[in-house]
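Hi,

Here is the structure I promised to hand over. Have a look, and my notes follow below.

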Amino acid sequence: MFERVEPPDCTITWQDREIPARAGESLAAALLAAGINRVRVTGMSGAPRGPFCMMGVCFDCLVTVEGEGARQACMVPVVAGMRASP
Amino acid sequence: MTKVDILIVGAGPAGMSAAIEARRHGASVLLLDENAAPGGQVHRAAKPDAVGPGAAQSREGAALMAALRASGAGLHSGAVLWAIEPGPRAFVLQDHAVHEVDAGRVILASGATERALPIPGWTLPGVMGVGAAQILLKSAGLRPRGRVWIAGQGPLIWLYAAQALARGGEIAGIVDMSRITPHALLRLPRALTAPGYLLRGLAWMRAVRQRVPVFRTRDVVVEGDGRLERIHVGGQIHTADTLLLHDGVVPNTQVTRAIQGCEHRWNAAQRAWEPVLDDWGNTLIPGILVAGDGGGIGGAAAASLSGRIAALEAVRALGHLGGAQRDALAAPLMRRRRAELAPRGFLDALFVPLPMPVDEVTLCRCEEVTAGSVRAAAGLGCLGTNQLKAFTRAGMGLCQGRICGPLLHATLAEARGVPGGDVDPLRTRFPTKPLSLGELATLAPSASAASASGKG
């Protein structure tokens, strides 16, 4: 997994869980730093998926952010208090 | 509607350099980038006081960003180009609204993406790209910790490992899948005319090998229940929670392939499609140029020079510079670009993309199409990647073939026993990135007037 070099400076909510984050980093980075690497299941077979490319290419990290679906978690900058879910 | 002399798409080394050069000659410039900050992948979060592996490049990136800020070029971050029409006219999505930009010239500097390395189990959570992990390290300060493995080939593996270790990270093991061939060794003398690259690479490898066990095999299998738990390396089982894969990079041609008449050619040495360009970066479409790795892989330094060369051509075409002046200014840049590309033949031959996997392995992650299905389609007479969509749906999913495109292409060429140039690349379509109907509706002139008054 991954660990932070710098301490977190805010929190965000993933499903019903509060996780530490740093404002401005990508939502996918915050999830990975919290040990969360499964963020959705595929529409075809229900296979679990997580962040893969981190640069907006693979569309494997699609999540719901503040009620808006199908956002690329690797391209969404964290804002303190942000709410996201699979 | 915005009017600008030169619209540049992508704020990596090529795009930033193009913007700075164009401003020097008095052209108005708008530079767009999808990310929250300029730099692109290579200069992401670059620092003027960087130390350690890759520091020289980071300092170059920081200098470019400072020059860009001082240049007077407009910079729009978080802005996505999703279509180009003849004109050229560009359609850009930013803050949930669509903006039209009429430009005298468009310079596309879309860079490269990692070539996927499909091995058994590679779709499980916990498996990522080495480039992805480098983005985590650079932009979020996340270092690898615990049972993190790396597998594949190419310089980025050693650069990332050296950077991660220098920042206190841990790597459990590296599986080096490369093979030195006579074909590569024949290209070594030319590479030695610019030894800097090779010496830097060897220094990263030496630093990493002192602290991380390195295995040489191409037999790597990922296993786990719902996520990566174990990897098999040459028959030995290791516990793992993260596996980083890498097999070089390919030009990001998602936009150019969607432009009708913008021809592409097969680069047999790099095993990738790239837009047909002249020395200046002109595509076959009037007004549209390409600079940097999006036109063929050459690395950051060559990309930066290509950006400046394309900018000189663009300002000449718009009347800000005479043809003779352009030629005089570009000559030393073209010489430096040739020198920067000297090691490329050796690297391309040394890191020939790895063979496609056994039938059971997924190639198209979105539509979950296996290598076996692609080979079966080839057996039924499927000739190319666009026909393959009708056979299997491969390349039609969420990522629109960004990840699987090169894999489908390689598998079909191999199954048909023909050179890569005989198998067509996936055609792309606008919109290049998804946008909602609500966002699309902001294009209507009445809608923008209504929302301006309604929200005021």
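In chain B, residues 5-303 have their end C-alpha atoms 21 Å apart, and the span is 26% helix and 31% strand (helices are DSSP runs of H or I with at least four residues, strands are E runs of at least two, both numbered from the N terminus). UniProt, in an unreviewed entry, puts the feature "domain: FAD/NAD(P)-binding" on those residues; its positions are in the numbering used here, the feature name is shortened, and annotations may be inferred rather than shown by experiment.

Keep in mind that this is a predicted model: local features need pLDDT of at least 70 and side-chain atom pairs count only at pLDDT 80 or more, while totals for chains, interfaces and linings use all residues. Residues are numbered from 1 along each chain as its sequence is written, with chains lettered from A and ligands numbered from 1 in the order in which they are written.

Now the helix α1(B), residues 13-24. Its 12 residues reach 17 Å from first C-alpha to last, close to the 16 Å expected (1.5 Å times one less than the number of residues). 11 of the 12 are buried, meaning 20 or more other C-beta atoms, placed from the backbone, within 10 Å of a residue's own. Those buried residues pack against β1, β2, α2, β6 and α8 of chain B, where contact means C-beta atoms within 7 Å. Just after the helix, B:Gly26 takes a positive phi of about 90°.

As for the interface, 34 residues of chain A are in contact with 34 of chain B. On the chain A side, β1, α1 and β5 each give two or more residues.

Cheers

Key: Two residues are in contact if their C-beta atoms, placed from the backbone, lie within 7 Å.
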